[in-house]
Amino acid sequence: MISIEDFITKLKEEFEDVPSDSLHANTNYREIENWGSMHALIIIALVDTEWDVSLTGSDLKATNTIQELFDVVVSKLK
Amino acid sequence: MEKAYIQVVETYVPQNTLSNVDLSLQFDIPQDEILKQTGVKTRYITSEEELASDLAVSVGKKFFKENAHIKKTDINFLLYCTSALDYVGPATACLIHEQLGLSKNCLAIDIPMGCAGFTNGLIMAKALIENGTAQNILFITSDMPSKVVHPNDYYLKSIFSDAAAATLITNTKGFEIGKFSFGTDGLGAENLIIKGSGARNPVDFDWLEKHKNVGGLKIGRMEMNGLEILKFSLREIPPLFEAVLHKNNLKESDIDYFIFHQASGIVIKYVSKKLNIAPEKVISSLEDYGNTVSASIPIALSNAIKQNLIQPNSNIFIAGFGIGYSWSATIIKN
C-alpha cells in the first residue's frame with residue numbers, strides 16, 4: 001500500500017522543473033507553474049512504472065488535486 | 001541453414017537543422033525546457049525539394065563509397081523501408097535501385113512501415129538470408145516526418161527529424177541476428193496517423209484551403225495521441241523483451257546494451273525504468289538526431305560502433321515500435 005506522502009515524494013523526484021514546495025495533497029496540479037501536457041505524460045509513466053497502474057486520459061481529466069489523483073491510483077492498485 | 005549478420009551500417013542526414021534555439025524563438029519556450037521535455041537538441045530537416053528517397057540514394061552512395069570492398073554487383077536484394085513513398089506506384093525501391101546503379105538481378109522491394117520498420121525489415125532480411133534467397137541485402141531505412149508535421153505543432157516538431165540509414169545484411173560476418181518476437185494491434189491506428197494521405201482520406205479542396213497558410217500540407221499531416229503512444233510502449237515492450245529473451249535462451253543479465261526506437265526522451269526513460277535497466281546500458285542517439293522514425297535504431301547502432309562503445313561478444317537488444325501499432329525486437333550479437 002502506498003501513502004500520499006510516498007506519492008508526493010515520487011512526483012517531486014520526477015518533476016524536476018516544478019518547485020518541490022508547491023506539491024501538496026490539496027494542490028491543484030493543473031495550476032502549478034509551467035504545468036503542461038508533458039507533465040501529464042510523466043504522471044502516466046510514473047504511475048505505470050512504479051505501481052503498475054495504467055491511468056487513462058479520462059482518469060486525469062476527472063481529477064484536479066494530487067489527493068484526487070492519488071485516490072484514483074489506489075483504487076486501481078492490483 | 002545460413003546465418004544472417006548485420007555487417008555494415010551507414011547513415012546520412014540532410015544539411016538543414018532545427019535547434020532548440022530555433023524552437024525557443026518560435027514557441028517562446030526556454031531552450032533548456034525544450035531539452036528536458038523532449039531529450040532532443042538537434043533535428044535534421046529536408047529541404048523543400050528533398051524527399052526521403054533522395055536521402056536513401058545519398059546514404060546508398062555513401063555506403064558504396066565508404067565500403068569499397070562491397071561491389072554493387074554483390075547486392076542481390078534491396079529492401080527500402082519508409083513511411084514516405086515517392087509514388088503509389090512504381091515502388092520507390094525500384095527508383096533507388098536505378099539511381100544506385102544496382103544489378104538487374106537484384107530485386108527491389110518497398111516496406112512501407114514507420115517506427116518498427118527497421119526491426120520489421122530485419123525479420124524479412126534474416127529470412128531471405130537463412131533460406132538462401134539472398135546473400136547480400138542492402139536495407140535502406142529513410143524518413144522525412146518533418147514534411148507531415150504542422151509547422152506550428154510544437155510537440156511533434158520538437159521530436160521528429162529526417163534521416164536515412166543503409167544496413168548491409170549478409171551471410172558472412174558482423175552482428176549475428178537472433179530470433180525475433182513481434183506483434184500488431186491495428187486498434188491503435190488512429191493514435192498515430194498521417195491524416196490527408198493515401199487513398200482512404202486524400203487531400204481535397206477543403207483541406208488545402210484549411211492549411212493554405214502553411215503550404216497546404218499536401219502530403220498529409222501527422223496526428224499523434226502522445227498519451228496513448230506512451231501507454232502502448234509501456235504495455236507492449238516489457239512482454240516483448242521477455243519473449244525475445246525466452247526465444248534466444250537468454251537471461252536479463254545476459255543483455256549488455258539496449259537500443260530502443262528513439263521515440264522520445266519520456267518513452268525511452270520510462271520503458272528503461274520499467275525494464276529495470278541501468279542507464280549506462282541504454283544506447284541513445286536521441287539528443288543529436290531526434291526521432292528519425294525507421295532510421296533511428298541503425299543511427300544509434302552506427303554511432304555506438306563508431307565511438308567503440310560496444311565491447312566484443314555483446315548481446316544487444318533492439319526494439320522497434322510505434323505507428324500501426326506495430327512492434328518487433330531481437331538480439332544482435334557481435
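The largest nonpolar core here gathers 110 residues, and L78(B), Y80(B), I137(B), I259(B) and F317(B) have the most contacts inside it. Helix α8 of chain B, residues 226–247, supplies the largest share of this core, with eight residues. Another core lies apart from it, made of seven residues that include F7(A), L11(A), Y29(A) and I66(A). Please keep in mind as you look around that this is a predicted model; the predictor assigns the complex an ipTM of 0.90 and a pTM of 0.95.

**Chain B as a whole**

- Chain B is built from eleven helices and 14 strands.
- Its mean pLDDT is 97, with 100% of the residues of chain B at 70 or more.
- A compact globule of 334 residues would have a radius of gyration near 20 Å, and the 19 Å of chain B agrees with that.
- Taken along the principal axes, the C-alpha atoms of chain B fill a box of roughly 55 × 50 × 35 Å.
- Of the 334 residues in chain B, 49% are buried.
- If you consider contacts in chain B between residues at least 6 apart in sequence, 80% of them join residues at least 24 apart.

**Helix α5 of chain B and its surroundings**

- Helix α5 of chain B covers residues 117–130, 14 residues in total, and reaches 20 Å from its first C-alpha to its last, close to the 20 Å expected at 1.5 Å a residue.
- Ten of the 14 residues of α5(B) are buried, so this helix is largely enclosed by the rest of the structure.
- Just after α5(B) comes G132(B), which takes a positive phi of about 85°.

**Chain A as a whole**

- The C-alpha trace of chain A spans about 30 × 25 × 20 Å along its principal axes.
- Buried residues account for 22% of the 78 residues of chain A.
- Among contacts in chain A between residues at least 6 apart in sequence, 56% join residues at least 24 apart.

**Where the chains meet**

- Twelve residues from chain A and twelve residues from chain B take part in the contact.
- On the side of chain A that touches chain B, helix α2 of chain A (residues 37–51) provides the largest share, eight residues.
- That side of chain A divides into six nonpolar, three polar and three charged residues.

**Backbone details to check by eye**

- A cis peptide bond leads from G89(B) to P90(B), with omega near 5°.
- You will find P90(B) in the loop between β4 (77–81) and α4 (92–100) of chain B.
- The peptide bond from G324(B) to Y325(B) is cis as well, with omega near -10°.
- Y325(B) sits in the loop between β13 (315–322) and β14 (326–333) of chain B.
- D28(B) is not a glycine, yet has a positive phi of about 60°; its place is the loop between α1 (20–27) and α2 (31–38) of chain B.
- D28(B) counts as exposed because it has 8 C-beta neighbours inside 10 Å.
- In chain A, D52(A) has a positive phi of about 55° although it is not a glycine, and belongs to the loop between α2 and α3 (57–61) of chain A.
- With 12 C-beta neighbours inside 10 Å, D52(A) also counts as exposed.

Key. Residues numbered from 1 in each chain as written. Chains lettered and ligands numbered in written order. Predicted model: local features only at pLDDT ≥ 70, side-chain atom pairs only at ≥ 80, totals over all residues. Helix = DSSP H or I, 4+ residues; strand = E, 2+ residues; numbered from the N terminus. Expected span 1.5 Å × (residues − 1). Buried ≥ 20, exposed ≤ 12 C-beta atoms within 10 Å, placed from the backbone. Core = buried A, V, L, I, M, F, W, Y, C linked by C-beta atoms within 7 Å. Contact = placed C-beta atoms within 7 Å. Nonpolar A, V, L, I, M, F, W, Y, C, P; charged D, E, K, R; others polar. pLDDT = per-residue confidence, 0-100. Rg over C-alpha atoms; globule rule 2.2 N^0.38 Å.
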